[in-house]
Amino acid sequence: MTVHPSLEPYADAWTHSIEAITELVLPLTEGEWNRPTPCPGWSVRDVVSHIIGIECEQLGDPRPIHTLPRDLRHVVDEFTRYMEVQVDVRRHHTAPEMTSELEYTVIRRARQLRNEKRDPATMVRGPLGDQVTLEHALRLRAFDVWIHEQDLRWALGVPGNWDSPGAYVARDLLLAGLPKAVAKGAGAPPNSAVVVDVHGQLEFMRTVRVDGTGRATLEKSPSLGPAVTLTLDWETYVRLAAGRVRARAVAGDRLKAEGDPELAEAILAAFAVTP
């Protein structure tokens with residue numbers, strides 16, 4: 001799909017998820033667009049509006065000039081305020097308006113990706129207007145559309161694609177934030193190890209090792225006598241790490257913690273590595 005092989009996995013994952021989202025929302029009735037999602041304050045319409053808006057920005061379209069209402073309780077900081085603009089300008093769009101804009105935006109973005117000839121290290125505009133590499137920007141888009149595909153599936157009661165190409169992108173991105181969550185967020189002691197054992201649609205085991213200086217690294221090798229072992233299914237891992245659910249709201253049969261109970265609680269409290 002692209003000239004550079006390093007971009008292909010992200011372009012493929014993005015394509016798979018964005019096509020799945022389009023298929024999900026095309027047949028929706030007007031009322032179904034208003035269903036709540038796991039994203040605070042956002043309906044199905046709002047999530048799709050967010051996707052459209054960010055993809056338009058990646059195409060180089062100017063951001064809307066729009067003043068947000070003051071009564072949006074889920075808008076709590078500069079990040080949520082920035083993200084809300086593209087959502088609120090579409091909040092009263094009809095179902096046909098939403099699907100038409102989504103399809104048109106996907107066509108434009110797919111064409112852009114097919115014709116992409118820039119080096120993956122080229123600096124481009126990121127999701128918050130900052131400068132990031134083209135590879136990182138596309139990686140974030142593949143992750144974001146897959147996560148929001150799952151938000152929409154949850155809202156609409158249509159589970160699926162937990163092992164799609166986007167799931168593997170999400171796994172690696174979420175795992176990249178795990179060492180910081182364990183060492184800094186939870187304050188795991190020096191010379192300790194934490195094991196995360198995930199089963200289900202994606203299965204993997206990772207060990208976070210904290211050295212004598214408090215620096216944490218992620219390893220695939222198991223640990224003998226870890227301070228904490230967390231065993232959970234892939235869906236629960238995603239929902240916790242993406243901040244869609246709190247550990248206390250997870251059913252006991254879906255999450256098992258062994259070892260130091262205080263450290264386990266602190267890790268789970270810091271587990272969300274994405275807004």
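**Aromatic pairs and the nonpolar core**

Beyond its neighbours within four places in sequence, Ile267 is in contact with Val182, Ala186, Val194, Val228 and Leu230. The model discussed here is a predicted one. Ile267 also turns up in the largest nonpolar core, a set of 75 residues in which Trp234, Tyr237 and Ile267 touch the most other members. Helix H5 (residues 134–156) supplies the largest share of this core, with eleven residues.

Now for the rings. A pair of aromatic rings is described by the distance of the centres and the angle of the planes. There are six aromatic pairs in the structure. One of them joins Phe204 to Trp234, with 5.9 Å centre to centre and 75 degrees between the planes, an edge-to-face arrangement. This pair links distant parts of the chain, since Phe204 belongs to strand E4 (residues 204–210) and Trp234 to helix H8 (residues 234–241), 30 residues apart. Both partners are tucked away: Phe204 has 7% relative accessibility and so counts as buried, while Trp234, at 0%, counts as buried too.

Helix H8 also carries Tyr237, whose partner Phe271 sits in the segment after helix H9 (261–269), so this pair ties together parts that are 34 residues apart in sequence. The ring centres of Tyr237 and Phe271 are 5.2 Å apart and the planes meet at 85 degrees, so this pair is edge-to-face. Tyr237 and Phe271 are both buried. The two pairs belong to one aromatic cluster, made up of Trp146, Trp162, Phe204, Trp234, Tyr237 and Phe271.

Elsewhere, arginines sit over aromatic faces. Arg63 lies over the face of Tyr82, 3.7 Å from the ring centre. Arg109 does likewise with Trp14, at 5.7 Å from the ring centre.

What about the cysteines? The disulfide count is zero. For Cys39, the closest cysteine sulfur is that of Cys56, and at 19 Å it is too far for a bond, because a disulfide needs the two sulfur atoms within 2.5 Å.

How values were computed:
Residues are numbered from 1 along each chain as its sequence is written. This is a predicted model: local features need pLDDT of at least 70, side-chain atom pairs count only at pLDDT 80 or more; totals for chains, interfaces and linings use all residues. Side-chain values use heavy atoms; hydrogens and water are left out. Rings of Phe, Tyr and Trp (its six-membered ring) pair if their centres lie within 6.5 Å; planes under 30 degrees apart count as stacked, over 60 as edge-to-face and the rest as tilted. Helices (H or I, at least four residues) and strands (E, at least two) are DSSP runs, numbered from the N terminus. Buried means under 20% relative accessible area, exposed over 50%, partly exposed in between (1.4 Å probe, protein chains only). A charge sits over a ring if NZ of Lys or CZ of Arg is within 6 Å of the ring centre and within 35 degrees of the ring normal. A nonpolar core is a set of buried Ala, Val, Leu, Ile, Met, Phe, Trp, Tyr and Cys residues joined through side-chain atoms within 4.5 Å. Contact means heavy atoms within 4.5 Å.
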